[in-house]
Amino acid sequence: MAIYVMSDIHGCYTAFRKMLRKIGFDENRDELIIAGDIVDRGRENFEMLEYAASKPKGVTFLMGNHDEDFIFYCDRLLKLFKEGTLKGDPGRLFQSPEQRLLFSVHVIDHYDTVRMLLQDQRHGVTLEHFRRWKDRMSTFPYYECRIVGGRRYVIVHAGYISERKFLYELKKGRLSNFYDVKQFYTWAREEGLRYGGVEGATVIFGHTPTIAESLFFNRGKVFVKKLGNRRFINIDCGCVFREWSPEADLACIRLDDEKIFYLHA
């Protein structure tokens, strides 16, 4: 049995499946933890959402900020149809100028994912799809803890901090841009290193691509940092940006021996 971690698939379902084949993932023997952000930006959101909704054996999905947003958009869309603000066949929603306007006003849909899914004639997306996706994603936990080979790991989307430490730093005014600890789990960037982490453990996360100009920049390779007795590994190598950045990649880490796999290497 092996335990693998990936993050930030962002609708890149084909790349995701290729990585599963590369690592030889066996759902009956291995475990995979996906550290958030399965949707938005990519072109295969339907496939990724259906995969998650199928509850694949051996796979644990964690909550990411894009997942939280998508849940909100789904909920908003369903309520608008229920109350009659939006009407008719969801697949024909954008054929009416009035309905297009109402959609743009009432559903934020920042990454255009909901609109593209509604207009996906190949798959015939219905409101029931959105209801099923929302219900499934709402069950995603915010983090997972594992002990592998005597090493302690915390897997989270963006950053990990204990609730006690979060409240302490919040009181000191150092985390005033976060309204609760869950937002830290899904939105933290450099704050995850400065104020987060666990003594004697490794936090594995994504959220900030290592191709982006930031503290985690590493030219599309996994970022590793040790601060005292706290260790951090960022595995978001920007897979969804591969079309624009040749350094972007999909990465996967096997916790058993900390071997890192790259899709394009």
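In the predicted model, Glu47 counts as buried, because its relative accessibility of 18% falls under the 20% limit. This residue is found in helix 2, which spans residues 45–53. The side chain of Glu47 makes a polar contact with the side chain of Arg122, at 3.2 Å. When residues up to four places away in sequence are not counted, Glu47 touches Tyr13, Arg122 and His123.

Helix 2 also packs against helix 6 (residues 127–137), the two axes coming within 9 Å and crossing at roughly 55°. Helix 2 and helix 6 are therefore oblique to each other, and their crossing is left-handed. On the side of helix 2, the contact is made by Phe46, Leu49, Glu50, Ala52 and Ala53, and on the side of helix 6 by His129, Arg132, Trp133, Arg136 and Met137. Of the residues in this contact, six are nonpolar, one is polar and three are charged.

The crossing of helix 3 and helix 6 is left-handed. Helix 3 contributes Asp67, Phe70, Ile71, Cys74, Asp75, Leu77, Leu78 and Phe81, which meet Leu127, Phe130, Arg131, Trp133, Lys134 and Met137 in helix 6. The residues of this contact comprise 10 nonpolar, no polar and four charged. Trp133 and Met137 of helix 6 take part in the contact with helix 2 and also in that with helix 3.

Technical notes: Residues are numbered from 1 along each chain as its sequence is written. This is a predicted model: local features need pLDDT of at least 70, side-chain atom pairs count only at pLDDT 80 or more; totals for chains, interfaces and linings use all residues. Side-chain values use heavy atoms; hydrogens and water are left out. Axes are lines fitted to C-alpha atoms, for helices over the stretch in contact, and angles run from 0 to 180 degrees between N-to-C directions. Helices (H or I, at least four residues) and strands (E, at least two) are DSSP runs, numbered from the N terminus. Angles under 35 degrees count as roughly parallel, over 145 as roughly antiparallel, 65 to 115 as roughly perpendicular and the rest as oblique. A crossing is left-handed if the near helix is turned anticlockwise from the far one by less than a right angle, and right-handed if clockwise. Contact means heavy atoms within 4.5 Å. Ala, Val, Leu, Ile, Met, Phe, Trp, Tyr, Cys and Pro count as nonpolar, Asp, Glu, Lys and Arg as charged, and the others, Gly among them, as polar. Buried means under 20% relative accessible area, exposed over 50%, partly exposed in between (1.4 Å probe, protein chains only). A polar contact is a pair of N or O atoms within 3.5 Å; within protein, one must be able to donate a hydrogen and the other to accept it, and residues adjacent in sequence count only if both atoms are side-chain atoms.
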